[in-house]
Amino acid sequence: MAESSAATQSPSVSSSSSGAEPSALGGGGGSPGACPALGAKSCGSSCADSFVSSSSSQPVSIVSTSQVHDLIFWRDVKKTGFVFGTTLIMLLSLAAFSVISVVSYLILALLSVTISFRVYKSVIQAVQKSEEGHPFKAYLDVDITLSSEAFHNYMNAAMVHVNKALKLIIRLFLVEDLVDSLKLAVFMWLMTYVGAVFNGITLLILAELLVFSVPIVYEKYKTQIDHYVGIARDQTKSIVEKIQAKLPGIAKKKAE
């Protein structure tokens with residue numbers, strides 16, 4: 001019975017394959033990735049499903065390096081101004097109020113906007129007797145789930161930096177290199193004076209001002225800044241070499 005069923009099915013298979021060959025030759029010019037045996041609608045849906053399944057397995061970068069570069073160099077003045085103004089207002093609010101108060105006021109402001117807009121759209125729909133549905137339906141249907149593969153990729157990337165930081169901390173605190181440990185001690189000693197004048201929020205505000213101002217200034221006066229930085233670097237290097245020569249028991253590592 002298996003042979004008879006195969007014999008009965010063979011004409012249809014041969015006819016479908018023979019009908020598929022002309023469409024493959026004449027339809028798309030032999031372009032790769034075409035679906036000759038399927039119709040236009042089914043081909044588009046199957047190709048779209050294969051693209052989605054292949055692209056969903058790859059992690060999507062939330063913020064790229066080029067976007068950060070364009071942001072701090074004021075390539076788009078409106079976008080950079082919005083980010084700079086928003087973060088600066090938030091930091092100033094944290095300097096004046098507690099974290100709980102700032103977060104609560106932000107959530108209340110956001111809820112006031114969304115609830116007011118939801119009620120407004122509901123009233124408009126009731127008056128006009130329209131059925132537009134929920135005004136935020138497009139955003140509610142957005143899939144924001146993070147796949148396990150993407151989560152593991154982000155965690156692996158973060159663990160690389162964590163391991164480097166742990167190795168650096170161990171090397172500095174266990175005095176693998178005396179000069180580097182002394183540099184850390186001098187820096188921490190200077191930071192005690194900074195901490196006596198500024199608190200953490202003030203330092204964050206200053207850091208934001210520097211991040212959004214120093215790169216654009218350096219880009220404009222790069223030649224002059226590089227000249228003076230090179231002079232300071234040479235002087236610092238000579239001072240460090242003198243200290244290394246005078247301190248006993250320090251073997252300077254030779255570059256391989």
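**Entry 1: Terms and model**

I note that a helix axis here is a line fitted to C-alpha atoms over the stretch in contact, and that the angle between two axes runs from 0 to 180 degrees between N-to-C directions. I also record that the model I am examining is predicted.

**Entry 2: Helices H7 and H8**

I looked up how helix H7 (residues 148-173) and helix H8 (residues 178-197) are placed. Their axes come within 8 Å and cross at roughly 95°. Because angles of 65 to 115 degrees count as roughly perpendicular, I describe H7 and H8 as roughly perpendicular to each other.

I then asked which residues make this contact. From H7 I list Arg171, Leu172 and Phe173, and these meet Asp180, Ser181 and Leu184 in H8. The residues of the contact of H7 with H8 divide into three nonpolar, one polar and two charged.

**Entry 3: The loop between H7 and H8**

I found valine 175 in the loop between H7 and H8. Its phi is near 55°, which is a positive value in a residue other than glycine. Is valine 175 buried, exposed or partly exposed? With a relative accessible area of 42%, valine 175 is partly exposed.

I recorded tryptophan 74 next, which lies in the loop between helix H3 (65-72) and H4. Phi of tryptophan 74 is also positive, near 55°, and this residue too is not glycine. The relative accessible area of tryptophan 74 is 27%, so I class this residue as partly exposed.

**Entry 4: The chain as a whole**

I looked up the secondary structure of the protein chain and found eleven helices and zero strands. Along the sequence the pattern reads α-α-α-α-α-α-α-α-α-α-α. The chain has 256 residues, of which 9% count as buried. I also noted the contacts between residues at least 6 apart in sequence: 45% of them join residues at least 24 apart.

**Entry 5: The largest nonpolar core**

Which residues form the largest nonpolar core? I list six: Leu71, Phe84, Leu88, Leu91, Ile205 and Phe212. Helix H4 (residues 77-96) gives the most to this core, with three residues.

Leaving aside neighbours within four places in sequence, leucine 88 is in contact with Ile205 and Glu208. Of these two partners, Ile205 is itself listed in the core.

**Entry 6: The annotated regions**

I consulted the UniProt record, an unreviewed entry, in which the annotation "transmembrane region" covers residues 82-111 and 196-218. I compared this annotation with the model.

Over residues 82-111 I read 93% helix and 0% strand, with the end C-alpha atoms 21 Å apart. For residues 196-218 I read 83% helix and 0% strand, and here the end C-alpha atoms lie 30 Å apart.

**Entry 7: Isoleucine 225**

What does isoleucine 225 touch, not counting residues up to four places away in sequence? I find Val217 and Tyr218 as its contacts on that basis. The relative accessible area of isoleucine 225 is 28%, and I therefore record this residue as partly exposed.

Definitions and conventions. Residues numbered from 1 in each chain as written. Predicted model: local features only at pLDDT ≥ 70, side-chain atom pairs only at ≥ 80, totals over all residues. Heavy atoms only, no water. UniProt positions renumbered as here; feature names shortened; annotations may be inferred. Helix = DSSP H or I, 4+ residues; strand = E, 2+ residues; numbered from the N terminus. Core = buried A, V, L, I, M, F, W, Y, C linked by side-chain atoms within 4.5 Å. Buried < 20%, exposed > 50% of the residue type's maximum accessible area, 1.4 Å probe, protein only. Contact = heavy atoms within 4.5 Å. Parallel < 35°, antiparallel > 145°, perpendicular 65-115°, else oblique. Nonpolar A, V, L, I, M, F, W, Y, C, P; charged D, E, K, R; others polar.
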